[in-house]
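This report is meant for a reader meeting the model for the first time. It begins with a pair of helices and then turns to a sheet and a single side chain.

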Amino acid sequence: MGRNTIRYVIILATFSVLGIILIQFFFLRNTVNLNERKFHESTTQALNVVAHKLVSYNQKVKGKEPKVDLPNAVDQISNNYYVVNVNEDIHPGLLEHFLIEEFKNHNLKVDFEFAIYDCENEKMVYGKHLMETNDSLTSTLLVSKQSDECDAEDALFEQHYKTQTAKKECGLPTCEKYTYYFGVSFPNRSKYYSSQVHAWYVVNGFLLIVILFFGYTLFVIFKQRRLSEIQKNFINNLTHEFRTPIASIDLSSKVIADPRILDHPNRLREYSNIISEQTQRLSAQVDKVLLMASIEKQRLKLDLTMIELNLFVRKSIADFKTSQNGHQYAINFTSEVEEWRIQADALHFSNVIFNILDNAIKYCDEAPQIDVELSETKKHIQLKFADNGIGIPKEYRKKIFGRFYRIPTGDIHNVKGFGLGLDYVRKIVERHHWEIEVSDNSPKGSIFTITIPK
């Protein structure tokens with residue numbers, strides 16, 4: 001899948017998810033607003049019916065012909081508090097019965113509290129809390145006519161009943177307007193709304209699953225793209241790495257196949273050595289790939305032995321110099337550490353030093369200059385390799401320790417390799433429970449630092 005294709009897929013998928021979220025938010029907001037209006041209308045209608053029933057009941061008790069004239073009986077004081085003007089004596093038990101009945105008729109299954117206020121005596125004479133539990137109501141008495149010592153601030157809506165001034169400040173109906181009224185409060189309206197928007201919660205759950213699936217899909221796409229690039233780079237590097245020795249072996253074998261080569265024993269010996277060297281080179285590369293595979297499968301076991309750090313690093317540097325076809329590189333070693341012994345796998349630790357030094361030489365566009373230094377702190381020993389190479393950009397410093405990863409250079413392959421060296425270094429360092437990091441070497445180059453706990 002091409003880079004542009006992936007970009008278009010991500011853009012389209014992102015806009016799709018954002019569109020779904022916006023539509024979801026729009027419908028959810030409309031649902032909440034609709035439920036607000038529905039709750040207010042249902043509550044107002046129910047309370048109007050209750051007020052008419054109370055007045056009709058009182059008129060029948062007094063022997064009058066029922067005639068109700070309550071054009072504006074219900075006032076909404078706040079989102080969850082209503083007052084109803086009756087201007088008649090209100091029987092608490094009858095009011096409770098009518099409220100329960102009408103709320104049930106209007107499908108208002110929600111907790112509520114009601115209170116009766118007597119303006120003539122300027123006190124609340126009754127209050128009760130009714131809680132919805134399993135399609136039934138349980139009640140708690142707040143204020144009754146028998147509790148004479150109870151004043152308004154000890155009862156329901158205490159902030160509204162204390163004085164006439166407080167009622168005016170809160171926008172409540174005063175005794176100048178009403179003689180007898182009752183108030184109804186809904187302390188837990190969320191229960192009503194949650195039941196109304198339950199379906200939207202389910203939809204939101206599915207939307208969350210879609211978003212998570214979308215994120216996982218992007219993760220898989222990027223992972224597959226990265227694996228595809230790694231595979232492509234590995235094949236390219238494998239081709240370039242093997243092309244030279246194969247060509248050398250092919251040419252040498254053709255020269256040796258010529259019968260006239262017997263007349264030139266020196267040339268025969270030379271081409272035989274070329275075949276041997278290139279065969280060993282190919283074998284070493286294959287062994288490196290197989291070694292990395294065994295490390296990945298956790299089959300590698302370290303052979304830990306006690307080594308003296310200064311002597312070991314000096315010997316490894318000397319061995320490295322003699323292994324580079326007789327070329328001598330400027331590798332300087334200094335140590336601030338006195339004789340110090342650590343447990344390590346001598347073979348793999350030596351390979352780690354070889355790989356770091358080899359990279360410092362390969363990735364240098366001038367005469368290589370490498371400074372190896374041993375230093376110590378209170379808790380650690382640090383082995384530093386400072387080179388004057390081309391350096392490593394900051395964005396690649398963590399990636400270079402990944403398998404098959406090589407810093408992008410387009411189609412140019414000036415330096416041969418599979419991108420396995422630093423991956424091997426990282427794994428061996430981690431197996432020893434050490435740490436490795438890369439930093440700048442001003443003015444040019446990089447510093448690889450291996451930190452060994454004391």
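At what angle do α9 and helix α10 pack, and how far apart are their axes? The angle between α9 and α10 (residues 421-431) is about 145 degrees, and their axes are 9 Å apart. Axes here are lines fitted to C-alpha atoms, for helices over the stretch in contact, and angles run from 0 to 180 degrees between N-to-C directions. The contact (heavy atoms within 4.5 Å) involves His348, Asn351, Val352, Asn355, Ile356 and Asn359 of α9, and Gly421, Leu422, Tyr424, Val425 and Ile428 of α10.

This is a predicted model, in which local features need pLDDT of at least 70 and side-chain atom pairs count only at pLDDT 80 or more, while totals for chains, interfaces and linings use all residues. Residues are numbered from 1 along each chain as its sequence is written, and side-chain values use heavy atoms, with hydrogens and water left out.

The protein chain has 10 helices and 13 strands. Helices (H or I, at least four residues) and strands (E, at least two) are DSSP runs, numbered from the N terminus. Of its 454 residues, 40% count as buried, where buried means under 20% relative accessible area, exposed over 50%, and partly exposed in between (1.4 Å probe, protein chains only).

Helix α9 covers residues 346-362. Its buried residues include Phe349, Ile353, Leu357 and Ile361. An α-helix has 3.6 residues a turn, so residues three or four places apart point the same way.

Two polar contacts or close approaches of side chains can be set side by side. A polar contact is a pair of N or O atoms within 3.5 Å; within protein, one must be able to donate a hydrogen and the other to accept it, and residues adjacent in sequence count only if both atoms are side-chain atoms.

| Pair | Atoms | Distance |
|---|---|---|
| Asp345 and Leu347 | side-chain oxygen to backbone nitrogen | within 3.1 Å |
| His129 and Glu113 | side chain to side chain | 2.9 Å |

His129 is in strand β4 (residues 123-133) and counts as buried, at 14% relative accessibility.

Elsewhere, five strands form an open sheet with mixed pairing, in the order β8-β10-β11-β13-β12. β8 (330-335) and β12 (435-440) are at the edges with a single partner strand each, so one side of each has no neighbour in the sheet. Strands pair if DSSP finds at least two bridges between them. β8 and β10 (residues 369-376) run parallel and are joined by six bridges, with Asn332 opposite Asp371 in β10.

Key: The expected span of a helix is 1.5 Å times one less than its number of residues.
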